[in-house]
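Let's take a walk through this model together, going from its sheets to its core. Have your viewer ready.

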Amino acid sequence: RIKATVSRAESIASQPIDITTKIPPLVTGISISPENALLSKGETLQFSATVTGEYDPSEEVVWSLSGNKSVSTTIDVNGILSVAKDETAAELIVTATAACDSSKSESVTVIIKAETKTKTFWQCFIEWLQYLIGLISSFFK
């Protein structure tokens with residue numbers, strides 16, 4: 001509601017009044033890229049977010065991380081996820097929240113690759129020899 005008071009009637013005609021209203025931005029969605037990720041322990045990955053909406057909402061987001069077991073697994077203010085070598089979680093949740101509207105956010109799941117132990121040819125050969133020696137020695141008991 002606007003109330004105007006005129007003190008001199010003759011000045012009304014020569015003094016236009018401009019009224020400007022600013023409509024606050026409205027965030028309608030956030031998308032994160034990449035949408036799917038598979039990382040190994042010790043790796044990093046850059047995420048990016050796009051904020052959509054009406055009335056020119058800010059593109060700025062606040063990054064957060066959940067599901068991590070290691071305090072060394074982090075996501076920084078630029079969306080760079082660093083998975084610690086001692087991380088034991090199988091999945092991490094990366095979330096981008098609109099800086100201008102904290103009720104709007106989007107999350108993606110990051111799968112942590114299970115460690116696989118690869119044996120060399122010689123390790124397999126030694127295990128096979130030990131098995132063979134045990135099998136042969138069982139015949140002589």
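We begin with the ground rules and then turn to the strands.

This is a predicted model, in which local features need pLDDT of at least 70, side-chain atom pairs count only at pLDDT 80 or more, and totals for chains, interfaces and linings use all residues. Residues are numbered from 1 along each chain as its sequence is written, and side-chain values use heavy atoms, with hydrogens and water left out.

Strands here are DSSP runs of E with at least two residues, numbered from the N terminus, and two of them pair if DSSP finds at least two bridges between them. Four strands make an open sheet with mixed pairing, ordered β2-β9-β8-β5. The edges belong to β2 (37-39) and β5 (61-66); each has a single partner strand, so one side of each lacks a neighbour in the sheet. Six bridges link β5 with β8 (residues 91-98) in the antiparallel sense, and Leu65 has Val94 of β8 as its bridge partner.

Now for the core, a set of buried (under 20% relative accessible area, 1.4 Å probe, protein chains only) Ala, Val, Leu, Ile, Met, Phe, Trp, Tyr and Cys residues joined through side-chain atoms within 4.5 Å. The largest nonpolar core has 21 residues, and Phe47, Trp63, Leu81, Val94 and Val110 touch the most other members. Strand β8 gives the most to this core, with four residues.

Technical notes
Buried < 20%, exposed > 50% of the residue type's maximum accessible area, 1.4 Å probe, protein only.
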